[in-house]
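Reader: I am new to looking at protein models. Could you walk me through how to read a few features here?

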Amino acid sequence: MDMAAKFQDQQVFHMTGRRSGEGLVPLDTVPMRPAQFAGYRDLTRLRHDFPLVLVDSGTTDGFAASLTILVNHVLETLAPRGIEGERLRKHVLRLERELRARLAEGAGGTLSELWAEAASKLASDADESVAKVLALAGESLRIDGALVDCDERLPSRFMIHAWRHVQSQKAALFHGHLDRLQRKLSDILRAAHAHSEAGQRPAALRAAVGGFHADEFDFAAMSKLVSRNVPKDQLPAARRARIEKALSALVSQRFHAPRVPGGEGSKVHDFLFDNVAAAVAAYRERLPQVVELVKAIAIAELEARNGYDEHDHDPFFEAYDENSLTADDLALFPDSLVCIPAGRNDAPENAGLMDTLSSGLPVKVVVEVTDLLEESSIGTGHYAFGVRSARLATAAMGLGGMFVLQAASSSLYRMRNRIEHGMGCSLPALFSVFAGAPAAAGELSRYLTAAAAMESRAFPAFVYDAAGGDNWATRFSLEHNRDPETDWPVESLEYADEQMQRVRGQSAFTYADFAMCDRRNAAHFAVVPRDRWTSAMIPAVDWLALPERDAAERIPYLVAVDDEDALHRVLVDARMMQASKRCLLLWHRIQEHAGIHDSHAVRLLAREKAEWEAQKSRELDALRSEVANAPTTVADAPAPAASAVAAAVAASTPPPEEKPPSDDPWIETARCPSCNECQLINPEMFVYNENKQAYIKDANAGTFRQLVEAAETCQVAIIHPGKPRNPDEPGLEELMKRAEAFN
Ligand code: SF4
């Protein structure tokens, strides 16, 4: 087959997704994975964040720990440096690998349980000293808790554990405060009783003295002596009733679990829900109890310092209702956690999610996103919550007034401090977690698909905290993404070519690479055998950077590896490339929130530059006129100073811009900050002058569409597309409308 025929097959596939001839192999017939994943075939042999220990409550070590870090700590503590420690290191690392393998096979349990099981298995294949070494290492683990892998249950388990951890800290503070108030109120009642008629009776006196010396006193005589002129009750009736009522409300509260399980007040409310409607209903139903408890606490505080003034406080507390509650009052109570099960995002009971979050209810919601790919192209996809689920977090961020965190499940551990903060903050919070799509992921693990979603910018990690400050720089963070300032993260790639020679290169990980991991997208890809590679093929990442006209001449491909780790080129169809462009556009918007390539900053820079140039031009004009008016000694010879100035003027002044005829496109060249965007669209039409500022070299070198797109792309809006030159160009009506804003 000649080159032209090969190219035509590939071009047809790229444009239409249809394979013709035998030169293109369907992706679903050959197991392929992105070349960057070649080194991650067996995650059980790779020391990484997972598995995690969800740390039992009662420790101060945070709520989650990585097994790798725990094992490192054990080895640092127990294994001597050098050769003597080598044996211990080897056995403990084997045990760590065994734990990973067990979890990957579906085992479950606590770290101590699974450690003991794995240790006994490894010891049974070795001598007794191995058992001792592993048992010793197990004893030196600092913490315990459920050992979990990055599987389908991870997002809900991790988030519920984080929430419980935060709530237990909140409960400890709450109980500390309540205990203090209860003690003080009880002391007031006890003291009043001791000074009352009832407190002076013989039995009460005996109980008060109590213990060893009780038989040495005559309590009847003592009672007669001390009870003269004693009031029936030292506390006024209203005060006693108020204190007793407040005390009873504190003791019987049902919001925080008692310190001792099964103790008084153990019938506490449940704050964990699986849908938004149930959480809202429970909040409303419990609101009167919240009001009563807050009232009781306020009264108790006043009584404890003897500051209750019936004249002022009675009417205040009579009118006290749910509208009187402040954010500080509500912060005393547990926040509801709604963990929406994967697959229930579009259930009617969750339809009010955005309204609930924006209403300021103290609720934390975890939404699991399991499918990003079906939503990638315009006009398709499923709209739970009124927006595409992959855009849910950005939409919530736009509402403001809440905490929003978006993350893939693979990065939950690294973002644990942010998660803990979000669970504990006083704002409503949304946690949108991509948990991978197992049915679609082929042979890749959940961990890898989740990590791929994040790396490819399909589901970037970010945190927005409305209470984090008064500007975007303090409220918004992209810090957990790799290379957040670039379009795509780039990795070194090393492989053997067909002559078995080592080749080193670089490869970007794009949205299309992520999409390739999903078998349902096989139709958008085609594997090209090496003998059919053509010079028109170009890496997808380079294709994305080409101007439209040049891109039309080339075919984008990805690099992938098969089961034998042989390198292949995989063509990508136009629809998938369009989805990649769209992903990039959304990533750029998110970058702007983090101040990366901020268009406002670029515009400001351009304005400053233009002002600086205008100033410079005025100074030169002044210099020119000074020279022109200077007396000359030799009439016909130009003064040296004048020559220097003329040279300086010539060197520093941009070529004069000809006033364009009204319908011609033109650029305000002097204001161009050289961002290069227009040249990416058409480098023949847009070129730089000697000052590296853009002008239109040849308006006929491209289409009116390119002029309009360049005008729309130009960060400082200095490109004026004029009127179309070719009346037959498709879509002119729409293009002229778009051009109006720039002419
Ligand atoms: S897009 Fe605008 S700012 Fe950027 S190089 Fe072109 S004219 Fe200059």
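**Aromatic pairs and a helix face**

Author: Gladly! The structure holds 18 aromatic pairs. Rings of Phe, Tyr and Trp (its six-membered ring) pair if their centres lie within 6.5 Å; planes under 30 degrees apart count as stacked, over 60 as edge-to-face and the rest as tilted. This is a predicted model, where local features need pLDDT of at least 70 and side-chain atom pairs count only at 80 or more, while totals for chains, interfaces and linings use all residues. Residues are numbered from 1 along each chain as its sequence is written, and side-chain values use heavy atoms, leaving out hydrogens and water.

Reader: How are F50 and Y447 arranged as an aromatic pair?

Author: They are edge-to-face, with 5.6 Å centre to centre and 70° between the planes. F50 lies in the loop between strand 2 and strand 3 and Y447 in helix 16, so the pair ties together parts 397 residues apart in sequence. Helices (H or I, at least four residues) and strands (E, at least two) are DSSP runs, numbered from the N terminus.

Reader: Is F50 buried or exposed?

Author: Buried means under 20% relative accessible area, exposed over 50%, and partly exposed in between (1.4 Å probe, protein chains only). F50 is buried at 0%, and Y447 is buried at 14%.

Reader: Which residues are buried in helix 15?

Author: I419, G422 and M423 are buried there. Seen down the helix axis, they fall within an arc of 100° (taken from the directions from the axis to the C-beta atoms), so they line one face of helix 15.
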